[in-house]
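User: Can you walk me through this chain? I'd like the overall picture and then some packing detail.

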Amino acid sequence: MKLEINPQRLLAELRELASFGAYRTGVHRPTFSPQDMAARRWIMGRMTAAGLDPRLDGIGNILGMAPGRRRRLLVGSHSDSQNNAGWLDGAMGVVYALEIARAVAESGRSDIAVEPVDWADEEAHFASFLGSRSAIGEVSEEEIDAARCATTGKPLRQALTDAGLAGRERLRIEPGRYLGYLEAHIEQGDYLDAHGLALGVVTTIVGIWQYRLTFRGQRNHAGTTRMAVRKDAGAALVALIHRVEERFRVLAGERTVWTVGNMRLEPGQVSIIPDLAEMMLQLRDADPEVLRRMDVALRDLVDETNAAGPCSADMELVSRSAPHAMSTAFKEALESAADEVAPGRAIRMPSGAGHDAQILAQVMPAGMLFVPSIGGVSHHWDENTRDEDLVLGCRALAGACARLLTKAAS
């Protein structure tokens, strides 16, 4: 069986979706904003036109359900965006799913189905993977009550009400309904683009560990306090960052990354020695053993800071997600399809970013496919992918869907 996509329709719909919340050469569609909800209504309309029954749930997820008893694949991504960001991050995977669902309908096959899904808030404006975690039963009413928008502070409950979602039932994915889940995404890095490759078959989605480190010193006058007696919390923070860089480079794996993404000083005045300094540190790797040994090293560095003085340091593990391996059968189907449409230009690779596929992988087989990001740019309005790579990626994903659905029938 072969599923034939329509390249012109695919590219036209990608650009039409980009018109919702258009910002410079990208989009601004934060979760539950008017732009986000307008895009979701458009997606529901496209699902209906494809002969599907779109269901919008109480957390903003959209599932295009196919009628009858069929062998089904769940395929999708997310259409919300980071603030002032790119037009393809997430959105590409949603439009791919729509196009492949149409290809199934146009093939005349009534015994198989691709059901497209658009997850809510993958970008964590309110909570990480809010929509997909809700769909597998991981989001409690208490979490919804407590969640606030990271940008505006708006309560999630209010945002759901303003978006017209209050009172709707939340979707619960039935794992037995599907053979599994597939997601296509731009790479968001430069490996494929820099090496002239067309497609990446994801092996594992990295684990992400995040820490808050707090340093306490003594506030005093910046002009009259001698250097020898200072307890400068800001200086202690910077010194630890330097030691982290040195220690982690020795312990890191080939693709380990770490980032100090936020620093804060109190009182934050140039003429006052800070008595409190805080930073957020994030580690990412696909190997849990690498994450564990770097965690041990970080704790050792904090202990050494406290022993040496003159400031004290505290460390809090704020969040931790485990790496998730993709299904072997799904990787093989994606690799076979990628080799067919782009011989010699596809590789297996880990994902350095988090994706909804890691959530679905907890309850069903899952797989992911990457297409190149020009220059490795993402989370910025300059994010882009060549048209030919967009078409190639959809053809490869359609080929993988056809292989998995055909295999299930045999």
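Analyst: A contact here means heavy atoms within 4.5 Å. In the chain, 79% of the contacts with a separation of 6 or more are between residues 24 or more positions apart. The model is predicted: local features need pLDDT of at least 70, side-chain atom pairs count only at pLDDT 80 or more, and totals for chains, interfaces and linings use all residues. Residues are numbered from 1 along each chain as its sequence is written, and side-chain values use heavy atoms, with hydrogens and water left out.

User: How many helices and strands are in the chain?

Analyst: The chain has 12 helices and 17 strands. These are DSSP runs numbered from the N terminus, helices being H or I of at least four residues and strands E of at least two.

User: And what is the radius of gyration?

Analyst: Taken over C-alpha atoms, the radius of gyration is 23 Å, close to the 22 Å from the globule rule for 410 residues, so the chain is as compact as a globular protein of that length. That rule is 2.2 Å times the number of residues to the power 0.38.

User: What share of the residues counts as buried?

Analyst: 54% of the 410 residues, where buried means under 20% relative accessible area with a 1.4 Å probe, protein chains only.

User: Switching to sheets. What is the strand order in the open sheet of 4 strands?

Analyst: The order is β11-β13-β9-β14, with antiparallel pairing; two strands pair if DSSP finds at least two bridges between them. β11 (257–266) and β14 (312–321) are at the edges with a single partner strand each, so one side of each has no neighbour in the sheet.

User: How many bridges join β9 to β14?

Analyst: 9 bridges join β14 to β9, which covers residues 207–216. Phenylalanine 215 is opposite alanine 313 in β14.

User: Which helix packs on the sheet there?

Analyst: Helix α9 (residues 288–308) touches β9, β11, β13 and β14, and its direction makes about 5° with that of β9. Helix α8 (residues 233–251) lies across β9, β11 and β13 (276–285), at about 15° to β13. Axes are lines fitted to C-alpha atoms, for helices over the stretch in contact, and angles run from 0 to 180 degrees between N-to-C directions.

User: Which residues have the most contacts inside the largest nonpolar core?

Analyst: Phe32 and Leu182, in a core of 79 residues. Such a core is a set of buried Ala, Val, Leu, Ile, Met, Phe, Trp, Tyr and Cys residues joined through side-chain atoms within 4.5 Å. Helix α12 (residues 387–409) gives the most to this core, with 12 residues.

Definitions and conventions. Buried means under 20% relative accessible area, exposed over 50%, partly exposed in between (1.4 Å probe, protein chains only).
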